[in-house]
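Here are my notes on the model you sent over. Have it open while you read, and go through the points in any order you like.

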Amino acid sequence: MIFVDLKEVTLGFGGTPLLENISLQIHENEKVALIGRNGQGKSTLLKLIEGRILPDKGEIQRSQGARVTYLVQEVPQNLVGSTFDIVVQGLGEVGKAIIEYNKITHQLEKSSDDKWTEKLSQVQAKLDQTGGWEEIQSVEEIISRLSLEPEDRFETLSAGKKRRVLLAQTLVKKPDLLLLDEPTNHLDIPSIQWLEDFFTRYEGSILFITHDRSFLRKLATRIIELDRGHLSNWECSYEKYLERKEAFLQAEEKQHKKFDRELAQEEVWIRTGVQARRTRNEGRVRRLKKMRDEHRQRRKKMGSVKIIAQNAERSGNLILHAENIVFSYSPEEKPIIDNFSTTIMRGSRVGIIGPNGCGKTTLLKILLGELPFSQGELKLGTNIQIAYFDQLRNKLDRNKSVFDNIGEGNDVVMINGQKKHVMGYLQDFLFSPRDVNNPVRTLSGGEQNRLLLAKLFLQPSNILVLDEPTNDLDTDTLELLEELVIDYSGTVFLVSHDRAFLNNVVTSSIVFDNGKIEEYFGGYDDWLRQRPKEVKKPKKETVIIKKERKKNISFREKKELEELPLKIEEWEEEQQKLYEEIAAPEFYQQKQEDTLKTQKRLEQILIDLETAYARWEELEELAEG
């Protein structure tokens, strides 16, 4: 059965059509991923399919009786009430009657006034006529299936639970086709995995937009791409899509070059004058006019974001050493960080993983010296300059324009010592000249994140902190950000729920799991591989060298001080090679004894480096004393 059939649909809001002569069919039992760059019109297409907006031309047919529902991307503000009341609102007038019935029943428990008894009879009659009693049972079943509590207040729930309540509200409508717009945004990994499992078993059809490549790979049975106003269909896996798309773009570019050469030749010919206007050449003139129209109407592929990090002076080899850190919000509360120790060296790319509310951002602020802690010791390295991506976008002034947020009163910005006009810099992040004067509050979530990245990379840094940078970014921009993080010469801290992003960039992970904080080599999948086998990186013990202070440095100690930097450099080179080896996908395909041997060697190097740095400081104090 075909639930929705779009035929030659066009829609625009002035200027070039956003959607141009597109055709699409959604069949039963399909899980279709809609992908494309930010601003291409994906959300608009969902609204067209739902019927919220109408096309300029073309036809949209829906199967008779087919129910199409749309789960919006953003959680509505100021939505209050019990989970049951929010969910039952999805039933429309029947839902209102159910809520009214519950209120009257509650009122009768307090008072037996005849007026309430009469109202109750009226509402009961309405529920009898509309099948409301069966709907109540259906609502209770869906709330139970989604692991929700009917009496919980919506306004007190986590972001993940709120999205789950809104999903329940959508499901009570019993949709044949469910439209999802970025369903994983702002959810932690357990919530995303729950959604994956739920939608995999879901019996209806789904058309969904997502930037989460792991979610896409798990759920999609078909991929459609919206690019430059047109839809293309890809009956394959995401990996195959990437290969075939690249081949398609190369063929398209080759075809355009051939067309442009022919057009240039015809333009030379037409300028010859009289010869071109002879009767027998009129057909050639008409062909040239047609070629000109075709070239003028050609829609060029949207450019790629150009991300360049501003380099600061090199930091010291040691970024930070934390020993037995304890943190709680009050002395009466259980610590959310308890006896945590770690050492981070220059060049590390550290992922911080855990559910919402577990303390990831708190730990990050403690490790960077921005938040005091209850117990323990923290030593920060030298010459540290931090660039911080904030998931709440607090560094953007939403009332100022895009231009003013970047220029801050200037027309030019400095990029690694070179001046660049603000307009040109914003174009590198895909902001058109007509966009730059718009207030930030009018931008989409993806556009705001791109602007925040643009602002972030104006700041020279040797430590890059990315707190949930992937929300709302399209896949192309995500992949470019990945490349930048991988090539970044400094140290990176990444808080993210994007499993693919973590897998592709981090060399080690700090994981909040079952009330504990543990360190692992590699990214998210590496943690999963290590976790069941309990091959966990042990807490590192700080080697404290107790030595009586001398007034003068001996010849042997002076020689040791001269040789230490070379030893440290050798260990750091070996450490970097081991990090790269462990981060490789095939690392855990080796025999277990080989992986353990490499991990133990890396642990020993970390201990040796700590010992060496402590000894180096001690010898330098002696030399100065």
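**Notes on the predicted model**

1. Let me begin with Ser509, which counts as buried at 0% relative accessibility. (Buried is under 20% relative accessible area, exposed is over 50%, and partly exposed is in between, using a 1.4 Å probe and protein chains only.) You'll find Ser509 in strand β19, residues 508-513. A polar atom of the Ser509 side chain sits 2.7 Å from the backbone oxygen of Gly522. (A polar contact is a pair of N or O atoms within 3.5 Å; within protein, one must be able to donate a hydrogen and the other to accept it, and residues adjacent in sequence count only if both atoms are side-chain atoms.) Setting aside neighbours within four places in sequence, Ser509 also contacts Gly351, Ile353, Glu518, Glu519, Tyr520, Gly522 and Gly523; contact here means heavy atoms within 4.5 Å.

2. A word on provenance. This is a predicted model, where local features need pLDDT of at least 70, side-chain atom pairs count only at pLDDT 80 or more, and totals for chains, interfaces and linings use all residues. Residues are numbered from 1 along each chain as its sequence is written, and side-chain values use heavy atoms, with hydrogens and water left out.

3. Now the overall picture. The protein has 19 helices and 20 strands. (These are DSSP runs numbered from the N terminus: helices are H or I with at least four residues, strands are E with at least two.) Of the 625 residues, 48% are buried. Among contacts with a separation of 6 or more, 69% are between residues 24 or more positions apart.

4. Next, the open sheet. Six strands make it up, in the order β5-β6-β7-β3-β8-β9, with mixed pairing. (Two strands pair if DSSP finds at least two bridges between them.) β5 (68-71) and β9 are the edge strands, each pairing on one side only. From one strand to the next, the twist averages 20°. Helix α1 (residues 42-50) lies across β3 (31-35), β5, β6 (177-181), β7 (205-209), β8 and β9, and runs at about 155° to β6. (Axes are lines fitted to C-alpha atoms, for helices over the stretch in contact, and angles run from 0 to 180 degrees between N-to-C directions.)

5. Strands β8 (residues 222-227) and β9 (residues 230-234) run antiparallel and are joined by five bridges. Asp227 stands opposite His230 in β9. The two strands form a hairpin with two residues between them, and Arg228 in the turn has a positive phi of about 55°.

6. Which other residues are worth a look for their phi? Most residues other than glycine have a negative phi. Asn29 isn't a glycine, yet has a positive phi of about 60°. Asn29 lies in the loop between β2 (19-27) and β3 and counts as exposed, at 52% relative accessibility. Asn339 isn't a glycine either, and its phi is positive at about 55°. Asn339 belongs to strand β11, residues 337-345, and is partly exposed, with a relative accessible area of 35%.

7. How do α3 and α4 cross? The axes of helix α3 (residues 93-110) and helix α4 (residues 114-130) come within 9 Å and cross at roughly 150°. That makes α3 roughly antiparallel to α4. (Angles under 35 degrees count as roughly parallel, over 145 as roughly antiparallel, 65 to 115 as roughly perpendicular and the rest as oblique.) The crossing is left-handed, meaning that the near helix is turned anticlockwise from the far one by less than a right angle; clockwise would be right-handed. Residues in α3 that meet α4 include Val94, Ala97, Ile98, Tyr101 and Leu108; on the α4 side, Trp116, Leu120, Val123 and Leu127 are among them.

8. Compare that with α6 and α7. The axes of α6 and helix α7 (residues 189-201) come within 11 Å and cross at roughly 20°. The two are therefore roughly parallel to each other, and their crossing is right-handed. Gly160, Arg164, Leu167 and Leu171 of α6 make the contact with Ser191, Trp194, Leu195, Phe198 and Phe199 of α7.

9. Last, a residue in helix α6 (residues 159-171): Gln169. Gln169 is buried, with a relative accessible area of 18%. Its side chain reaches the backbone oxygen of Ile86 at 2.7 Å. Not counting residues up to four places away in sequence, Gln169 touches Ile86, Val87, Gln89 and Gly90.
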